[in-house]
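Biologist: Could you take one spot in this model and go through it closely with me? I'd like the surroundings too, and the cut-offs behind your words.

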Amino acid sequence: MTFRVTHWLPLAITAFCLSHALPLSSKMINNVFYAGIAVPAIAHFCFQQRDTLWAMTKTLLAPLALILVISIIAAESLSDLKFTLYLFLFAISLNLRNEGKSSAEKGLFFASLVWMVILSAITLHWAILSFEAGESIRYSQILGIQANPVHVALIIATSLGFLWIFHLEPILREKSTALYAVGFLSCVALFLLTVIIFQARSALVGLALFFAFSLYIQGKRAVIMLLVIAMGITLAISLGADDVLAHRGLSYRPAIWQDAIERLLLTCSLAWGCGHDDYLFAGQFPHPHSGYISVLYQTGVVGFSAFTLFALIFFFRGVRSRSRWLPVAMIGWGALITTSNGMFTSPSHPLWIYFWLPTLMCLLEQQEDAHRLPD
């Protein structure tokens, strides 16, 4: 068998997912995306799969058009519009299929396994540091390098959710009910452990939505999952997890959001927003600390309406197809309530792993058979 792009892209996606765990500059992470994913994908489709490229373009036309509208309104310069193109290239590379599986499934699988190893090392180090400090500390490193704990927690949570939905759950579903319950309880425990280690309250809403949509697609297993979730939460509270998370409160978010809305209404254009200004919210924060509030603040009612239509398309397609990517994507959708400065960034932002990767795959779910390529 000759080596093809269909073999290369899963490896490139694995490298891209793991690049966020390495001490690399934003430029270097972007280059991993450009050279490893974007260029090979567009070359493959343009020269070998033009019909498939057109079919995928039609599938993505509506959501990408809405993203472009939002990008145009929020853009500081023409170069900012390239993010829509990057998302399109990312989407077609993720859904390129080989041996019945998409590049996203293969690439994220290997990356997720590595993230589990990283979580194991982090857990051990966190336990040692917490024991020495006499209290549960907030871990904010990855491989010894300072990192944003919220983004790290969300990438790990996405990896956990993906492994459960795509790999562990299908196997345990065929086993005994007891084994299924134990497996799911272990998954819940790892989710809660991740949240506690990084004190990432932003991940809690995403995880709640993950479980809710998992219940929706599981059918008969829903009762078991509800009981296990209740057991996991009870165990976490009994171990003091609620005190750890409550210790940080809401970190001024209500005040930040109120300030953002008031500035939008009183100073900027309600229709077109405030753009990317240098305003410090609540006197000290450089952005609204919410992806949704950021879109509203930067692009106003017009841009936020376009985003709302994008969200409706996403949920409609995901629910109608009962996509396995939908629960995984909900981790990012929920987390953006309390984190991020908008949703349209360069590939170097971890948002591309925990939000855009599963969201794009969910949007493309119904085109699965049309994009299947020969081995």
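Modeller: Let's start at Phe198, which sits in helix H7; helices here are DSSP runs of H or I with at least four residues, strands are runs of E with at least two, and both are numbered from the N terminus. Bear in mind that this is a predicted model, where local features need pLDDT of at least 70 and side-chain atom pairs count only at pLDDT 80 or more, while totals for chains, interfaces and linings use all residues. Residues are numbered from 1 along each chain as its sequence is written, and side-chain values use heavy atoms, with hydrogens and water left out.

Phe198 has a relative accessible area of 0%, so it counts as buried (buried is under 20%, exposed over 50%, partly exposed in between, using a 1.4 Å probe and protein chains only). Leaving out residues up to four places away in sequence, Phe198 touches Ile122, Arg138, Tyr139, Gln141, Pro149, Val152, Ala153 and Ile156, where a contact means heavy atoms within 4.5 Å. Take Gln141 from that list: it is 57 residues from Phe198 in sequence, yet their C-alpha atoms are 9.3 Å apart.

The axes of H6 and H7, residues 177-198, come within 9 Å and cross at roughly 175 degrees; axes are lines fitted to C-alpha atoms, for helices over the stretch in contact, with angles from 0 to 180 degrees between N-to-C directions. That crossing makes H6 roughly antiparallel to H7 (the label goes to angles over 145 degrees; under 35 is roughly parallel, 65 to 115 roughly perpendicular, and the rest oblique). On the H6 side, the contact includes Pro149, Val152, Ala153, Ile156 and Trp164. From H7 come, among them, Tyr180, Phe184, Cys187, Phe191 and Phe198. The residues of this contact split into 15 nonpolar, three polar and two charged. In that tally Ala, Val, Leu, Ile, Met, Phe, Trp, Tyr, Cys and Pro are nonpolar, Asp, Glu, Lys and Arg are charged, and the others, Gly among them, are polar.

Gln199 is in the loop between H7 and helix H8 (202-218), and its phi is near 45 degrees, a positive value in a residue other than glycine. For context, most residues other than glycine have a negative phi. Gln199 is buried, with a relative accessible area of 5%. Arg322 is another non-glycine with positive phi, about 50 degrees. Arg322 lies in the loop between helix H12 (291-321) and helix H13 (325-335), but it is partly exposed at 38% relative accessible area.

Now zoom out to the core around Phe198. The largest nonpolar core has 103 residues, and Phe198 is among those touching the most other members, along with Phe90, Trp115, Phe191, Trp325, Trp333 and Trp356. Such a core is a set of buried Ala, Val, Leu, Ile, Met, Phe, Trp, Tyr and Cys residues joined through side-chain atoms within 4.5 Å.

Beyond its neighbours within four places in sequence, Trp115 is in contact with Cys17, Leu18, Ala21, Ile142, Val152, Ile155, Ile156 and Ser159. Val152 and Ile156 are on the Phe198 list as well. Cys17 is itself buried, at 1% relative accessible area. Trp356 belongs to helix H14, residues 351-363, and is buried at 1%. With residues up to four places away left out, Trp356 touches Ile67, Leu87, Phe310, Met343, Phe344 and Leu351. Phe344 is twelve residues from Trp356 along the chain, with 9.6 Å between their C-alpha atoms.

The protein comes to 14 helices and four strands, and buried residues make up 55% of its 375 residues. Of the contacts with a separation of 6 or more, 76% join residues 24 or more positions apart.
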